[in-house]
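Good morning, and thank you for coming. Today I would like to walk through the aromatic rings and some backbone features of one structure.

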Amino acid sequence: MVFEPPKRLVRALGETAPEGDDWLEKLPDAVQQAVALRELTVERVQVPGGRSSLVVLVRAADGTPAVLKLAPGRARPEAERAALAHWAGRGAVQLLEPFSAEGVLLLERLHPDVSVRSLPEAKALLEAAGTLRRLWVEPPADFPFETVAERTGRQAEAMRARAQADPEVAPLVGLALAAREELLAAPPGHRLLHGTFRQSKVLGGERMPWLAVGPDPVVGECAFDLARLVRDRVEDLIAQPSGAATTRRRVKRLAESLDVDQERLRGWTLFRAVESGVRAGRVGRPRDAELLLEFASWL
């Protein structure tokens, strides 16, 4: 099998890979081994694919369509496996192989080129929110996932360092960090969350019309999960003269539709947008950083 990783994956991992990381170099051999071990037939590599994993469309020995996913350890593939096993296909893609080699997942085949993002905006938000609601379940006992406090704590450290190096972002970073502290002071319960939920993470399926893929699971309050969905299609929001008002209406509508406190949703949306904007600036994506920080300023 002639193999070349998608350019999007190579570029994204190049932004975040620690020095000396050789996962990409070993990827062709890892794909060959995973395919041979499971007696799979490769159809094609999904392009442009994701930013943290390789997705290969395959067929099992009996002809069943499936997806083979390989991810480096820093993408937390074992946490993804644990979350998918706990959801057991309820609102999310089905895990076909509960136990396999580290960093390798064999998954139910969905329609990889059909996401909720292809729908008109209002319909897309409705369908995405409905999918997200099904994922918010009690986490398993002794869960192997990060908590929202732990994940955002790491992010907060990086944000503070960036603010010291770039005074222009310091005011927004200060607001975002203050919001985080207030939100963590009295969290309203906890659920297993998708962690990186957005419209492009919801694909068409056969068992159900829409199913979530690609979680980076975390345990915490639902508003944290919903916050990432608020800024979906941020480029379109920024381009609108009424973008700020549209964003505030979106926060209100999503909070009401999923019984989430509106102010908590606004606070987590602020934190997550600033964190993403700061990170984009740090890895050399100034345009993304500009869009995200402008969006955050509306909140």
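Let me begin with a term: a residue is called buried when its relative accessible area is under 20%. Please keep in mind that the model on the screen is predicted.

Trp268 is buried by this criterion, and Phe271 is buried as well. How are Trp268 and Phe271 arranged as an aromatic pair? Their arrangement is edge-to-face, with 5.8 Å from centre to centre and 90 degrees between the planes. Both belong to helix α10, which covers residues 262–282, and because they are three residues apart there, about one helical turn separates them. Phe224 joins Trp268 and Phe271 in a cluster linked by ring pairs. Over the face of Phe224 lies Arg272, at 4.2 Å from the ring centre.

In total, the structure holds four aromatic pairs. One of them is formed by Phe143 and Phe145, whose centres are 6.5 Å apart and whose planes are at 10 degrees, so this pair is stacked. Phe145 counts as buried, at 6% relative accessibility, whereas Phe143 is partly exposed, at 28%.

I turn now to the backbone. Val47 and Pro48 are joined by a cis peptide bond, with omega at about 5 degrees. Pro48 sits in the loop between β1 and β2.

Two residues deserve a word on phi. Arg76, in the loop between β3 and α3, has a positive phi near 60 degrees, although Arg76 is not a glycine. Ala88, also not a glycine, has a positive phi of about 55 degrees and is found in the loop between α3 and β4. Arg76 is partly exposed, with a relative accessible area of 29%, and Ala88 counts as partly exposed at 38%.

Technical notes
Residues numbered from 1 in each chain as written. Predicted model: local features only at pLDDT ≥ 70, side-chain atom pairs only at ≥ 80, totals over all residues. Heavy atoms only, no water. Phe/Tyr/Trp six-rings, centres within 6.5 Å; stacked < 30°, edge-to-face > 60°. Buried < 20%, exposed > 50% of the residue type's maximum accessible area, 1.4 Å probe, protein only. Helix = DSSP H or I, 4+ residues; strand = E, 2+ residues; numbered from the N terminus. Lys NZ or Arg CZ within 6 Å of the ring centre and 35° of its normal.
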